[in-house]
Amino acid sequence: MTRTLAATLLISLSLAAAAAPGASAADYIGSGQVQSYNAGVCSESSVLGFITSRFEYRDANYLHANLSIADIRNMGQNRQEFRDETHLVEREYCYATAVMTDGQQRSLYYLVERPWGFAGVGRSIEFCVGGLDPWYVYGAHCASLR
């Protein structure tokens, strides 16, 4: 039973490795080079779409304020922390203005972390809308995402 499980796991990992794109020397952490990403991640439609849909979920299940994000404007980057030998995750701290369905404009702070998830594939997005974090999950005035 254990041999069958080990063989299945080995075959699965081999297939996953074969399907993955080839890595260059700059992709390895120990190479001394920092892997760079597209600087425009703060304005990527996939990031903004995730924030919009996730805010709707949070409002429906936690806030109960009957609000949605109608538009996200004036995106920019506060700072960027690159990957290196001691920091395995790159972080980009972003800001924007969220126009809500009630017409009010609120500050929006968000963090995009890469690589993330299973085997370092994917990214994590955390966000905070000013004035709509009643439990201070991200600190007063979204301080931890600034």
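This is a predicted model: local features need pLDDT of at least 70, side-chain atom pairs count only at pLDDT 80 or more; totals for chains, interfaces and linings use all residues.
Reader: What makes C42 and C94 a disulfide?

Author: The sulfur atoms of C42 and C94 are 1.9 Å apart. The cut-off is 2.5 Å, so the pair counts as a disulfide. With -65° about the S-S bond, this link is left-handed. C42 sits in the loop between α1 and α2 while C94 belongs to strand β2, so the bond ties together parts 52 residues apart in sequence.

Reader: And what makes C128 and C142 a disulfide?

Author: Their sulfur atoms are 2.0 Å apart, and the limit is 2.5 Å, so that pair qualifies too. The link of C128 and C142 is left-handed, with -65° about the S-S bond. C128 is in strand β4 and C142 in the segment after β4, 14 residues apart.

Reader: Why is C94 called buried?

Author: Buried means under 20% relative accessible area. C94 has 0%, so it counts as buried. C42, at 4%, is buried as well.

Reader: How do you know whether C128 and C142 are buried or exposed?

Author: Set the values against that 20% limit. C128 has a relative accessible area of 2% and C142 is at 3%, so both count as buried.

Reader: Which strands are called edge strands, and why?

Author: The sheet is open, with its 4 strands in the order β1-β2-β3-β4 and antiparallel pairing. β1 and β4 each pair on one side only, and they are the edge strands.

Reader: How do you know that β1 and β2 pair?

Author: Pairing takes at least two bridges. β1 and β2 are joined by 9 bridges, so they pair. Across from R79 you'll find Y93 in β2.

Reader: Which elements build the largest nonpolar core?

Author: That core has 20 residues, and those with the most contacts inside it include I51, F55 and I69. At least two residues come from each of α2, β1, β2, β3 and β4. I69 touches I51, T52, F55, A98, V99, M100 and V129, leaving aside residues up to four places away in sequence. As for the helix, α2 lies across β1, β2, β3 and β4, at about 60° to β4.

Technical notes: Residues are numbered from 1 along each chain as its sequence is written. Side-chain values use heavy atoms; hydrogens and water are left out. A nonpolar core is a set of buried Ala, Val, Leu, Ile, Met, Phe, Trp, Tyr and Cys residues joined through side-chain atoms within 4.5 Å. Buried means under 20% relative accessible area, exposed over 50%, partly exposed in between (1.4 Å probe, protein chains only). Contact means heavy atoms within 4.5 Å. Axes are lines fitted to C-alpha atoms, for helices over the stretch in contact, and angles run from 0 to 180 degrees between N-to-C directions.
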